[in-house]
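User: I would like to learn how the words used for a protein structure follow from their definitions. Please take me through some examples.

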Amino acid sequence: ILMERGDWAGAREQLIRARTVYEELGKVGTTEQQERCNERVSEIEPTIRYCNYSIDGQDKTSLVHLKSEADTSHGLDLLKTKLEVVLSEIRKKEVNSMNEVLWKGNKLPIKNESVRESIISADSIAKFEMQQAVSVDSKLQLYDKIFIHYNDALKVIASDINAAKVNKKAAAEINTLEDLKDFVSFGKVQKTMQRNLMLVESLETQF
């Protein structure tokens, strides 16, 4: 209830007390009871860290790590919802502030918001979520998401190029869009190579 009201200090205080109680209970009782108490401690810990974020602030890496923990835990629906909202707000700010990319020494403006969003989403998965993934299967799923974002960006850019040609836009504008297409294509090729290398290394460990 305190988290729903935004009383992060009060929520943190109660959660810390609950964690202490479960930690003490985890030292007594049957093995099964101790395991249950330890599970509750593990479930409470991410929520305490989110309260700390809401009070003191943390970087995006910490939030993505918290989201990964919440996704794999039970009974943390409220925390997962709040983390999704916060990360969505951060992504929107990144999209609004991303005006250009550097490609072959030149700054390329990105006027299309959906292209900016796709590039940022792919980059965020590669930089943050991929670091939290442990198994090959989970990493493959993340690579699939990255490729979806790259493909979405390429489709929009191709559409913008066609529209620019139909409307007889200046050659410089069309060339910029072509360069942006090359930039996204290069990122996709890089991630494809990284994915394939990961698969090769995984197969090598099996022999």
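User: Why does Glu100 count as partly exposed?

Analyst: This is a predicted model, in which local features need pLDDT of at least 70 and side-chain atom pairs count only at pLDDT 80 or more, while totals for chains, interfaces and linings use all residues. Residues are numbered from 1 along each chain as its sequence is written, and side-chain values use heavy atoms, leaving out hydrogens and water. Glu100 has a relative accessibility of 42%, and because buried means under 20%, exposed over 50% and partly exposed in between (1.4 Å probe, protein chains only), Glu100 counts as partly exposed.

User: How do you know that Lys107 forms a salt bridge with Glu100?

Analyst: The closest N and O atoms of Lys107 and Glu100 are 3.9 Å apart, and a salt bridge requires a side-chain nitrogen of Lys or Arg within 4 Å of a carboxyl oxygen of Asp or Glu, so the pair qualifies. Lys107, at 61% relative accessibility, counts as exposed.

User: Which parts of the chain does the pair of Glu178 and Lys165 tie together?

Analyst: The closest N and O atoms of this salt bridge are 4.0 Å apart. Glu178 lies in helix α8 and Lys165 in helix α7, so the pair ties together parts that are 13 residues apart in sequence. Glu178, at 26%, counts as partly exposed, and Lys165 counts as partly exposed at 48%.

User: What makes up the largest nonpolar core?

Analyst: A nonpolar core is a set of buried Ala, Val, Leu, Ile, Met, Phe, Trp, Tyr and Cys residues joined through side-chain atoms within 4.5 Å. The largest such core has 30 residues, and those with the most contacts inside it (a contact being heavy atoms within 4.5 Å) are Ile110, Val115, Ile146 and Val184. The elements giving two or more residues to this core are β1 (100-103), α6 (113-132), α7 (136-166) and α8 (171-204), and α7 gives the most, with 11 residues. A second, separate core of 5 residues includes Ala11, Ile44, Ile48 and Cys51.

Notes:
Helix = DSSP H or I, 4+ residues; strand = E, 2+ residues; numbered from the N terminus.
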